[in-house]
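I opened this one to jot down what I could look up, entry by entry. Here are my notes.

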Amino acid sequence: MQNAILRKSHLNDFISKLAVIEKVMAPVAKGPNHYAFEEVKSAKEISLQYIPTILPPKKYFMPQHETLLEYDTREGQKMHAVAEVEKMVLFGVHTCDLAGIQCLNIVFSDRPKDLNYLIHKNKIAIIGFECNNYCDEHASCALMGNHIPKGGYDMFFTDLGDYFFIHVNTQLGEELLDKTGVYEEAKIEHMNALEDLRAKKKEIFKNEVDVDKNMIPEYFKKGFDSAVWDDLGERCISCGNCTNVCPTCYCFDVYDDPDLGAKTGKRIRVWDSCQNEPFARVAGGESFRSQRKDRKRHRFNRKFRYPVERYGKFFCTGCGRCTRVCMAKINLKDTIKSLAKEYK
Amino acid sequence: MTKPKVAFFDFACCEGCQLQVANLGEALLDILEVIDVVEFREVMSEKWPQSFDIAIIEGSITTSHAVERIKEIRARSKVLIAYGSCATIGGVNGMKNNYELKDIREYVYKDKAEFFDTIPTRAVHQVVNVDYSVNGCPIYPPEFIRILKAALAGLPYHVPDNSVCVECKLNENICLFERGISCAGPITRSGCNSWCVNNGNICYGCRGMVSNPNENGFKAVLEKYDITVDMIMNKMNMYNKCREIK
């Protein structure tokens with residue numbers, strides 16, 4: 001089975017049945033125009049018409065705080081690795097966030113492999129969900145080519161009126177769908193409807209910055225000392241919002257948390273951000289990026305240049321979260337446009 | 001092995017941080033397994049006139065008598081922990097520094113003012129050397145325990161120099177600015193796990209400012225959200241007035 005359909009009237013059955021066999025995480029409304037992935041038991045709790053959640057689904061792959069190992073020094077130096085994982089199904093993941101997870105997969109599979117991440121990944125089933133329209137003006141998914149699905153899911157849902165078209169991409173996806181037992185076979189008219197939607201999307205989703213994507217790394221290289229960074233540096237207040245909400249930012253700090261008595265304890269990793277003042281500070285008090293403009297430039301280069309050089313892949317998914325969440329109104333699309341204008 | 005002797009003292013404060021410690025619940029039982037509390041006015045009558053391993057100080061220094069007393073305590077303790085906003089950054093007592101000492105003294109003590117000595121409010125580290133700081137009003141219990149463990153193990157603890165926003169975002173709160181409410185989070189030091197915002201309140205800046213706030217950038221942010229600088233400065237001054245004393 002490759003394709004199936006699910007009547008919208010059966011969505012609640014689908015989610016409820018899934019929630020009996022697995023923990024299901026889906027986008028829920030947190031407040032006006034704010035959403036978060038949270039555990040759900042029924043479809044009624046889910047907001048399918050959502051703009052990107054506050055935090056991307058990376059929080060399930062590399063939790064904000066995660067115990068890596070436990071140690072015991074009462075008799076010698078004993079330690080054992082810890083992996084706090086639980087099986088879950090992520091439902092309703094937009095294509096930008098699927099792209100984000102694919103980026104993280106590359107980074108954490110690179111040597112040295114990050115076993116904690118990979119163990120989480122193996123326990124998570126992903127059900128993607130297509131955007132038929134833009135979420136809002138901050139997205140740049142068409143620039144990054146992430147407005148259409150490019151794999152990275154077990155099942156993928158597309159809203160086609162009174163039913164969802166489901167692309168079943170993996171055996172796990174097929175098994176989950178079978179267990180719910182509420183799908184129907186996809187017929188040729190459903191396939192045609194999907195093709196019609198994709199054709200319509202070509203008219204809706206257009207490169208948002210009018211810059212050739214392939215030239216962007218070059219602009220960033222040439223623009224390393226551009227005044228664009230001075231401007232961003234003056235405005236940035238180093239709150240770290242942009243990196244924490246980024247689906248491809250993965251930097252973390254590691255600290256030991258001893259128990260009382262200090263003989264036993266845990267080693268914990270917590271999300272860190274290159275925008276934070278102490279991030280690049282080393283012994284002796286020297287900081288490699290003491291200026292805000294250095295830190296802002298670094299963040300952009302880690303999306304549009306360095307990963308292209310290392311992995312041949314952009315690490316911006318076009319989700320627009322960094323722009324949406326920036327208190328200083330630092331705008332990703334405007335930044336690319338300004339650099340391109342200078343170096344075209 | 002004898003347990004380290006620990007004494008709690010208070011200066012100008014509301015004693016709320018001592019209450020936080022007394023209120024630790026089960027964690028307090030674990031703590032008492034590894035330390036010997038020799039003096040703690042809030043919970044016991046005994047005094048300890050000798051030296052101790054750790055002195056834990058609440059409150060800010062607001063009289064010359066307090067200066068002598070904190071110096072005397074410092075001389076008797078191997079390690080000194082300042083805890084709570086009053087002790088670590090001056091806290092609400094710092095608001096006194098907004099006024100002429102003479103005026104504020106007469107306002108509070110009326111015709112008896114001459115009997116009450118007062119000096120500008122100072123945080124403990126502005127008077128004696130402080131080894132560890134537990135910021136916050138009141139202290140955030142998990143951080144207090146973490147720092148106590150660090151002190152017992154002789155490990156350093158650095159109060160995070162990131163903004164509260166960092167932890168707030170990790171907790172996936174909706175930004176208060178997005179809700180049209182002003183919040184001191186962007187310029188306040190984290191370490192509290194955005195305790196107040198998680199529970200529906202705003203950040204009042206009780207942990208003190210980050211060491212290098214982008215003041216111009218933040219002013220521009222306030223303008224965009226239609227919040228006056230005066231309003232946010234009044235809020236910040238509630239806890240941070242001692243910042244001006246070098």
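Before anything else, a term I need: two strands pair if DSSP finds at least two bridges between them. I'm also keeping in mind that this is a predicted model.

**Entry: strand 1 of chain A**

I started with strand 1 of chain A, which covers residues 3-7. Which strand does strand 1 of chain A run antiparallel to, with five bridges joining them? I found strand 9 of chain A, residues 163-168.

Is strand 1 of chain A mostly covered or mostly uncovered? Mostly covered: I see four of its five residues listed as buried.

**Entry: L55(A)**

Next I went to L55(A), which sits in the loop between strand 3 (34-40) and helix 2 (58-61) of chain A. Why do I call L55(A) buried? Because its relative accessible area is 0%, and buried means under 20%.

I then checked what L55(A) touches, skipping residues up to four places away in sequence. Within chain A I wrote down F37(A), Q64(A), N244(A), V245(A), W271(A) and R321(A). From chain B I wrote down K169(B), L170(B) and E172(B). As for F37(A), it is 18 residues from L55(A) in sequence, and their C-alpha atoms are 7.8 Å apart.

**Entry: where chain B meets chain A**

Those chain B names sent me to the interface. I count 31 residues of chain B in contact with 40 residues of chain A. In chain B, K169(B), L170(B) and E172(B) lose the most area to chain A, together 26% of what that side buries. How much area is buried between the two chains? About 2,900 Å², and carbon and sulfur atoms give 59% of that.

**Entry: polar links across the interface**

I looked for salt bridges between chain B and chain A, and the rule finds two. One of them is between the side chains of K149(B) and D257(A), at 3.2 Å from N to O. For polar contacts, I have 13 residue pairs across the interface.

The chain B elements that give two or more residues to this side are helix 2 (26-34), helix 6 (141-153), helix 7 (164-170) and helix 9 (215-224). Sorting that side of chain B by class, I get 16 nonpolar, six polar and nine charged residues.

Technical notes
Residues are numbered from 1 along each chain as its sequence is written. Chains are lettered from A and ligands numbered from 1 in the order in which they are written. This is a predicted model: local features need pLDDT of at least 70, side-chain atom pairs count only at pLDDT 80 or more; totals for chains, interfaces and linings use all residues. Side-chain values use heavy atoms; hydrogens and water are left out. Contact means heavy atoms within 4.5 Å. Buried area is the accessible area (1.4 Å probe) that two parts lose on being put together, summed over both. A salt bridge is a side-chain nitrogen of Lys or Arg within 4 Å of a carboxyl oxygen of Asp or Glu. A polar contact is a pair of N or O atoms within 3.5 Å; within protein, one must be able to donate a hydrogen and the other to accept it, and residues adjacent in sequence count only if both atoms are side-chain atoms. Ala, Val, Leu, Ile, Met, Phe, Trp, Tyr, Cys and Pro count as nonpolar, Asp, Glu, Lys and Arg as charged, and the others, Gly among them, as polar. Buried means under 20% relative accessible area, exposed over 50%, partly exposed in between (1.4 Å probe, protein chains only).
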